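Subject: Structure for you, with notes

Hello,

Here is the structure, with its sequence. My notes follow below it.

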Amino acid sequence: MSPAGPAWPRLRVLQTLWALLVVLLAPWRLWAIKNTQECTWQVVLNNFETVGKKDASDRFVDQEPLYTVDKVFSQLVDAPIDPDEVRGLVSGKRERSWTCTPLGSGHLPTLSLQTYLGFPYYLKINYSCKGELFNLIPRYFVNVPSRPLWYTVDQAPVFILGGIPEEKAILLTDTNFKDFFLVELSIDSCWVGSFYCPQTSFTATIYDAIATESTLFIRQNQLIYYFTGTYITLHESNRGSGRWVRVLANECIKKLCPVHFHSNGSEYVMALTTGKHEGYVHFGTITDGRVSFELLPRQRSVCNGILVVNCSITWAVFIAGDYNLLLLVEIEDPSTRKYFQVVSYDLVSDYLVVLYTIPEFIPDARGLEFLMVLGTESYTNFPMVPKGMSYNPYNNLLFIWGNFLLQSYNSKNFIYLADFPKELSIKYLVNSFYGDTAIVTETEEIWYLLEGSYQVYKLFPSKGWEVHVSLQVMQQSSLYAPNETMVTLFYEDRRLYQLVYLIDNQQGRLVKRLVPVEQLLMYQQISNDYLLERQGSHLTLSFTNFCPFTVMRLRDLPNPQIYTRQERYRAQPPRVLEPGGFHSDNSLAVYQGLVYYLLWLHSKYDKPYADPVHDPTWRWWKNKKQDQVRGEGGESVGGPSPDPPSPSTCPGTVFAPHPVPQDYYFYLASNWRSAGSVHVDMASYEKIYDLKAENELPERIFLDKGTSYRFSVFLTAREPEPLHGPSFQLQSKVGLAVVLADPECIEAVVKEKVLVNRNSVLFWVTLSDKRFCFDQGISGHHLMKTSMLLKVVGSSGHCFQNTNQGPRMQGNLMVPVLIGCPPGKRLAFDITYTLEYNRLQNKHYFDCVHVDPEMPCFLFRDIFYPFFLIQDLVTGDSGSFQGSYVLKVVGGGPTLDTIKEYSEEDIYRFNSPLDKTGSLIWTTRNTTTTEDSAFNILSHNSLGIEWLCMENSPCHDTIPHSIFASEFFFKVLVSNRGVDKSTYCDYQLTFQLHIHGLPLSARRAFLILMVSASLFVGLVILYVISCLLSPYVVKVCNVLCWKINNIIAWESYIYSIASDTGAFSNTSGIKSGESSGGISRVVSKVAGENRTDTKETLRKKPIS
């Protein structure tokens, strides 16, 4: 079971034992780089006081107040956590469930991230709950037939299982049935029986149940429902189970058929109709939680397409790689008996074709293990009754099953497997998709088939099963009881499990237990292949070993990460300095917070400008080299590292003025004197790039264009037969076969080296891509599924190896191979080397006035030489992009806030060398163009880019906003789509480029020149005029000043005379006339003297 959720963007359900596994599959749904939904990790730290008191794990649903979170995270003194970020994340409205499990302080968890489809993710750790919402009474399970478990492989976050008799209930689990809920559903159960719905009875039982990544489907009677809520609330009795929507309400649905794998950005489900739309299939598509159905075929029914009157579709299989349906069609011919055909329907061309007609009777194999069905063989009197089909997209193996088993690798030529008895009827198949198939019959028998072989083994009931159960009872195992009923059968991590209802001491319970396939086969082999020989007076028991080798080892295996594409981080839990060694609520909160922050750095690393150090944790340590941060009490919770973390600004933190020795903190922790009784060694939080192979083939292999995977197989023969002669080579029964599912796309080269003195053979195997079976695609998307089967001849079902985890089958190894652009590879702008190379070529470098270290500037008049990196986020490799690419300016603006997207027409005008409208933004001296000559093709050896900003381009005549030169922000798209033949990867990078020093247009420049010149000339003329007229101006000013002073003096004199004469006005009235005349003469005289003095002063003053 794999994680995701409908309401949360690709929520992943994770399982934690002692290793914390975080899976990045989707978004397994990134269908375009810039269409990715932004996701944010949410930290919810709740109910600390009750952690671990009720059970080994607790489920958190109530959000803790902010001050509590601050108090806990304040202990992360030397951790690279910004408190503002923590507060912002914790205070978000969206909640997430966390599990706090007591961890022994001596354990070292490894945090693993898988980026199969490379996208943002949510952290969700599994939770477990006590009790059920619905009682498990015996009648729900005792003597109830088992049913298949259907889900989208590696995608579905929960499993659901119907089949509860006469109850609208399903079993729900998000832990692969380690725990579960029995949920009663609130569905209407309307009866739609009519003349076009030929169903004679009504039942409340839910028969078909399918879990996908984003929704759930069930069928009850002829009705289909799908779930529209969130998985976290599905089990809540007050609201969760009522969010079911009926779909295809006017249709009669007789069966749901699952599609086990997602493809093309969607998941699928198929509904087979009966009644008025008999011969049609409702093809359901689930994309981002939206469900839609289409009636297929589009033009006419299947019956009309294959030219029959009456037919019925029994089963449907969707092959995503070819985008067609395989239909198992039952045909009723009035003149003959019923017969079945395999019909192919192409969803693109709407074309129907009959691929194979199934024989009417079972072939007579005459003691053979298998028989090629050609139509010329003899047949028995047992009719063939097909019931369903199963398809493995990795090896193209198609099974048709009923009371027989047919297999085919091309859907046209079939092989009859004669080991399965024709008296039995198969109810369903369970495929691991790794080379193993389990078969469940109508009588609840379990059979096993190893793909690539033709032998079918009976596991239950069998002698091997009896031996195994006897040993388990002797060990008092609680997983077995005298009275038990199998509920379902499924694969998990390549191992077969049963869900069984046990009744022991009148107590019923539902348990999940392992089906030990290897042990059962070993027990059967021992019980069947033995020999009793008499030696003297007693019998001697001897066994025959049919395995052709005694030793099989895989050697020279490369490091797996480059092929499995798994990103791994090491995150050691805090050391708990308590006698019991168990984690407390605070230590668990600290650990989960640190893990969260590490994953947040991982998600934040995806940015267009490449960091100088290719590691997501680089920003964790970059700002600080040697200083240690001291917490309250003078202690640092942090630890040593070659490049320590940035100082934390958590409350209560002080900074050490000098580096604190690493040994000091280790000494405190060793003596249990660390603050809070918790010690965190931050140096142990790192990304793992050098994971070594563990003597086994990887879980899957990703191959890019022309890449290969090489290893060796060492086999020691059991019965060597030396052949003496000139070459003296070992003639052995050991033979190695490599079976390829698609030999036209991949090839395998096997070289043999015989080691005579060691009775062994060494095989070198090289698996390579042929370079022409896949088009370019986004990293981790639309991959072609194929496989390699490594098989030692004669080893199937006979060779086993004892390991610490029990016996393991040997000699038959299937590895899925995914061809295309591997996940975790991206294109980034190499700003560091670009700056260095541009400075070297242009002999200078001028940055902007206002420097932005995250986005350096480039000068308009300089030739621009861009360089790009291919960053492998899995292996840590980072190298120059050597392929070809097309560069386009797709947006821009004079400021970051005014950047706008250009239309397709504008993009062509601004970037195409064929443009005749004078709109080009840039040009290059390279002459290589695309096939239609629309755009230039560049590479790392290109001659650079010259900025033009022609008259009709958006960057032409940009007005500066200050005294500094104009600047412009370009939004640049770089893509190698259709021009790079060196890789399957369709790299697309969009980044912003800051250009400054843009010139003005000629008109605006001339206008500015004229205005500037006019102002300058005017100022010069004004200066000259002022110099020439300055003496006259001074003279006028002096005269003016004299007149003003004269007026002031005259008024003062008049005032003083008036004051003196006022005293004699009464006594000298008789002489007033004379006095008046005297005063007038005196004033005139004084005025004349002043005038004479002024003239003399003017004569004596020189002209300046």
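A word on terms before the notes: buried means under 20% relative accessible area, exposed means over 50%, and partly exposed lies in between (1.4 Å probe, protein chains only). This is a predicted model, so local features need pLDDT of at least 70 and side-chain atom pairs count only at pLDDT 80 or more, while totals for chains, interfaces and linings use all residues. Residues are numbered from 1 along each chain as its sequence is written, and side-chain values use heavy atoms, with hydrogens and water left out.

The surface patch

Phe1016 is found in helix α12, residues 1002–1061. Helices (H or I, at least four residues) and strands (E, at least two) are DSSP runs, numbered from the N terminus. Phe1016 has 57% relative accessibility, so it counts as exposed. It belongs to a nonpolar patch on the surface, together with Val1017, Val1020, Ile1021, Tyr1023, Val1024, Ile1025, Leu1028, Leu1029, Tyr1032 and Val1033. Together they have about 1,100 Å² of accessible area, by the Shrake-Rupley method with a 1.4 Å probe, where for residues only the protein chains shown count as cover. Patch residues have over 30% relative accessible area and no salt bridge; like charges are joined within 9 Å, and nonpolar side chains (Val, Leu, Ile, Met, Phe, Trp, Tyr) within 5 Å. A salt bridge is a side-chain nitrogen of Lys or Arg within 4 Å of a carboxyl oxygen of Asp or Glu.

A covered strand

Strand β12 covers residues 267–273. Seven of its seven residues are buried, so β12 is largely enclosed by the rest of the structure. Glu267, Val269, Ala271 and Thr273 lie on one side, with Tyr268, Met270 and Leu272 on the other. Strand β11 (residues 253–258) pairs with β12 in the antiparallel sense over five bridges; two strands pair if DSSP finds at least two bridges between them. Leu256 stands opposite Ala271. Strand β13 (residues 281–287) also pairs with β12 in the antiparallel sense, over six bridges. There, Phe283 is the bridge partner of Met270.

An open sheet

Four strands form an open sheet in the order β35-β43-β48-β47, with antiparallel pairing. Its edge strands, β35 (549–555) and β47 (746–755), each pair on one side only. Strands β43 (residues 708–717) and β48 (residues 760–769) share nine bridges. Ser712 has Trp764 in β48 as its bridge partner.

Disulfides

How many disulfides does a search of the whole structure find? Six. A disulfide is a pair of cysteine sulfur atoms within 2.5 Å. Three of them are described here.

- Cys547 to Cys799: S to S 2.0 Å. Cys547 lies in the loop between β34 (538–543) and β35, and Cys799 in the loop between β49 (784–792) and β50 (800–803), so the pair ties together parts 252 residues apart in sequence. The S-S torsion is about 110 degrees, so this disulfide is right-handed. Cys547 is buried at 6%, and Cys799 at 1%.
- Cys821 to Cys985: sulfur atoms 2.0 Å apart. The torsion is about 95 degrees, so this disulfide is right-handed. Both cysteines, Cys821 and Cys985, are buried.
- Cys949 to Cys955: sulfur atoms 2.0 Å apart. The torsion is about -110 degrees, so this disulfide is left-handed. Cys949 and Cys955 are buried.

Best wishes
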